Amino acid sequence: MHDVEGKHRFGQIGARRRVALVRKGGSWPDMAIRIRVGGLCALFVLAHILGMVALRKLALLGVGLSYSYSFNFATDAPYELRKDIVSALLIGLAFWFHDRPAPTPVPDRDDVAPRPDDHAKAPNPVLWLRDGATSIRIDARDIIWVASAGNYVEFSLAARRHLVRGTLAGEEARLLPFGLARVHRTRLANLNHAIAVEPRPSGDFALRTDTGEILIGSRRYGEAVAGLRGAGAEG
């Protein structure tokens, strides 16, 4: 009875020691991988040595000489392994230098094309008009034309019109960034809404808009629609 208990306790102690060794040194599959890697390295070194010896013997044999080599694994294997590791690193480094992307040349400042962010931001198209005692917010891109009316300026949009106190010259400077140009002494037209330019025998022209309106332009301001005529001719 005592012998059985002693064997059982001894078996438990041995099992605990084996578990501790596994936890401390790694699992058995890891140890097997290490052993395989070490074995492959040893085989590679041995194949390298035998291959180099065979090449030397063949080379010297071709010129009538002989070659003898005394192999000592304890001293030659570590030496050849170090050489193989260094050679592999140098070869890998050479391939890395060959395959890495070439550095992009930095162009001169004069050759750098300006990015869209470098340009001034587009003006805000929101405009406020004072129609009597009322302030009205409009989008400048919706303006079809603007005309002078005495001491007032009339704004014509697609769906409504506004009469505000001011001068056409003052509104012209404010509306120029939104595509409005003077086509007559008393009128500005939004060229972004123009769909046709019809010349007149007198040298004047008629500007047709996408709202169906026809605005009469003076030949004095023909340069304002010259670009539209050129685009139509090219088309």
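**Cores, a surface patch and a buried arginine**

Reader: Which residues have the most contacts inside the largest nonpolar core?
Author: In this predicted model, the largest nonpolar core has 16 residues, and those with the most contacts inside it are Leu-127, Ile-138, Ile-143, Val-146, Phe-155, Leu-175 and Leu-180.

Reader: And which elements give two or more residues to this core?
Author: They are strand 1 (126-131), strand 2 (134-139), strand 3 (143-149), strand 4 (152-157) and helix 4 (168-175), with strand 4 giving the most, at 3 residues.

Reader: What is Leu-127 in contact with, leaving aside its neighbours within four places in sequence?
Author: With those set aside, Leu-127 is in contact with Ile-136, Arg-137, Ile-138, Ala-140, Ile-143, Arg-174, Leu-175 and Phe-178. Another core, of 12 residues, lies apart from the largest one, and Ala-189, Ala-194, Phe-205 and Leu-207 are among its members.

Reader: Switching to the surface, which residues form a nonpolar patch there?
Author: Leu-81, Ile-85 and Leu-89 form one, with about 270 Å² of accessible area together; of these, Leu-81 is in helix 3 (residues 73-99), and it counts as partly exposed because its relative accessibility is 31%.

Reader: Now Arg-182: buried or exposed?
Author: Arg-182, which is in strand 6 (residues 180-184), counts as buried because its relative accessibility is 16%, under the 20% cut-off.

Reader: Okay, what does the side chain of Arg-182 make a polar contact with?
Author: The side chain of Arg-182 makes a polar contact with the side chain of Glu-172 at 2.9 Å, and a polar atom of the Arg-182 side chain also lies 2.7 Å from the backbone oxygen of Arg-185.

Notes
Residues are numbered from 1 along each chain as its sequence is written. This is a predicted model: local features need pLDDT of at least 70, side-chain atom pairs count only at pLDDT 80 or more; totals for chains, interfaces and linings use all residues. Side-chain values use heavy atoms; hydrogens and water are left out. Patches are made of residues with over 30% relative accessible area and no salt bridge: like charges are joined within 9 Å, nonpolar side chains (Val, Leu, Ile, Met, Phe, Trp, Tyr) within 5 Å. Accessible areas come from the Shrake-Rupley method with a 1.4 Å probe; for residues, only the protein chains shown count as cover. A salt bridge is a side-chain nitrogen of Lys or Arg within 4 Å of a carboxyl oxygen of Asp or Glu. Helices (H or I, at least four residues) and strands (E, at least two) are DSSP runs, numbered from the N terminus. Buried means under 20% relative accessible area, exposed over 50%, partly exposed in between (1.4 Å probe, protein chains only). A nonpolar core is a set of buried Ala, Val, Leu, Ile, Met, Phe, Trp, Tyr and Cys residues joined through side-chain atoms within 4.5 Å. Contact means heavy atoms within 4.5 Å. A polar contact is a pair of N or O atoms within 3.5 Å; within protein, one must be able to donate a hydrogen and the other to accept it, and residues adjacent in sequence count only if both atoms are side-chain atoms.
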